[in-house]
Amino acid sequence: MDITKLLNTLGGKLPRPVARSLEAGMQKIPGVKQKLDAEYSRLLEELEPDLKPYRGKAPEFASLPQQGMSREEILDLMRRLDEPEEKRWKEGYASGAVYHGDQKHVEFINEIYALNSQSNPLHADLWPSTIKYEAEVVAMTADMLSAREARRIDPTAQVCGVVTSGGTESILMAMKTYRDRARKERGITRPEMVLPVTAHPAFDKAAQYFGIKPIRTPVGPDFRADVEAMEKAITKNTIVLVGSAPGYPHGIMDPIPEMSDLAHKRGIGFHTDACLGGFVLPWAEKLGYPVPVFDFRLPGVTSMSVDTHKYGYAAKGTSVVLYRNPELRRYQYFAATDWPGGLYASPSISGSRPGGLIAVCWAVMVKMGVDGYLEATRLIMKTAERIKQGINEIPELRILGDPLWIIAFTSDELDIYRVLDAMSGRGWSLNGLQYPPAVHIALTLRHTQPGVAERFLKDLRDSVDYVKKHPEERGGMAPVYGMAASLPFRGMVDGLLRRYLDLLYKV
Ligand SMILES: Cc1ncc(COP(=O)(O)O)c(C=O)c1O
């Protein structure tokens, strides 16, 4: 890692914009780019065996088999691959990832999907059942997020929405909606969004895809958005402010009431990203946990993203994007009137959509009901209390901010990435964070199973002890995380990430 180390040392002493232009210049020096490429290749080669564990152990296809495999062979093979993977998520070793996962729940989902696997809401005439399911998923989600109360406070509020493929698509759609509205109603051609550094990268994706300039603002020492900084960042081109309920990195609620007041006062949109919290916070509030208002009860909240495929406990592949009124939602839609293929209209990015997943989402929501979601939330919040207490009892660790059920921790004495490595060695799949270096666990129903919280805390204590006793040890992912988090040359990290994606597609 010589060249990155050298650049790191040089660049670490420079302000970020200077480092960035230096990096761009350096990449043009003959030999530097090649050296970097060689270094990426070396780093990725080390990762490859972990990413491709089935090489040589299962049939591989870089082209279609001449004769199709038999059903039995395929099922046998898939069962064989699934078995070792299932253990980790089923037994609660993963942060987030699988949010419910009980055997009976999974079987129910599979049965519903089997009934609806051919359906596609693009063909409303063929599958009016799917149209009903989608409309009701949106209505139930809106109701859970205070649509009725919003209407009582503000008679123009008529909360509505669309089912999308996931949190990212919900966010993409909301940002496109604000861009198109601002262009039409305010003549804005250089739109900007203002959002705290902690908001999900899906907003950057939306910015890149739709030509919106993202203005990232700092968070305070409590990891909550700095509302004053957001106010200062607003210009005549600002189309939307964003807040998270809660944010992915630290599980912390942004001060949504203040942020939405600011947006309301300035006449711009406000999006609450409740991808993580949408199906937890309403119930946590009812259970008496301190949850600030984050939904359509706030007059400034004009849209929300809420993931049914996380704490809604549906199968992967659905989320809901909600709008304060149908006029706003209409900016999301796409319509083509002059195509020889006929009149065409579609609500979101995809054309054809998996009706089976919408049906599953509907079935899971009506199966869970209020009581089911309340109980699930009670279990998760109780487990979170136990885990926060346990982490607080480890003197080398420190929890970041005051989180609810997504808990980030760091260490002032140890390399937290080495603790992460030691946890991975014990089977855990936790998430590494940066700025500051930290690790988080997003608690799900998997962690509420008997003994899981205790096992997590024991493994965490053992991992901390191990790192303390072996300060010199190197290897694992810690140096990669460490390098990526501290390198001022972000273009290099960007290059590495793109090469990592290439690797995933290597057969
Ligand atoms: C707060 C938040 N917003 C958005 C997303 C994006 O969701 P998805 O991965 O479903 O696209 C996530 C994912 O973890 C998230 O935590």
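Analyst: Helices (H or I, at least four residues) and strands (E, at least two) are DSSP runs, numbered from the N terminus. On that basis the protein chain has 18 helices and 13 strands. This is a predicted model, in which local features need pLDDT of at least 70 and side-chain atom pairs count only at pLDDT 80 or more, while totals for chains, interfaces and linings use all residues. Residues are numbered from 1 along each chain as its sequence is written, and side-chain values use heavy atoms, with hydrogens and water left out.

Of the 507 residues, 50% count as buried, that is, under 20% relative accessible area with a 1.4 Å probe, protein chains only. A nonpolar core is a set of buried Ala, Val, Leu, Ile, Met, Phe, Trp, Tyr and Cys residues joined through side-chain atoms within 4.5 Å. The largest such core holds 97 residues, of which Phe294, Tyr311, Tyr313, Leu322, Ile391, Trp405 and Phe456 touch the most other members. Helix α14 (residues 355-392) gives the most to this core, with 16 residues. Apart from this core lies another, of 26 residues, among them Met193, Val240, Val321 and Leu328.

Contact means heavy atoms within 4.5 Å. Leaving aside residues up to four places away in sequence, Ile391 touches Leu397, Ile399, Ile407, Phe409, Phe456, Leu457 and Leu460. Across the protein chain, 73% of the contacts with a separation of 6 or more join residues 24 or more positions apart.

As for overall extent, the C-alpha atoms fill a box of roughly 65 × 60 × 55 Å, taken along the principal axes.
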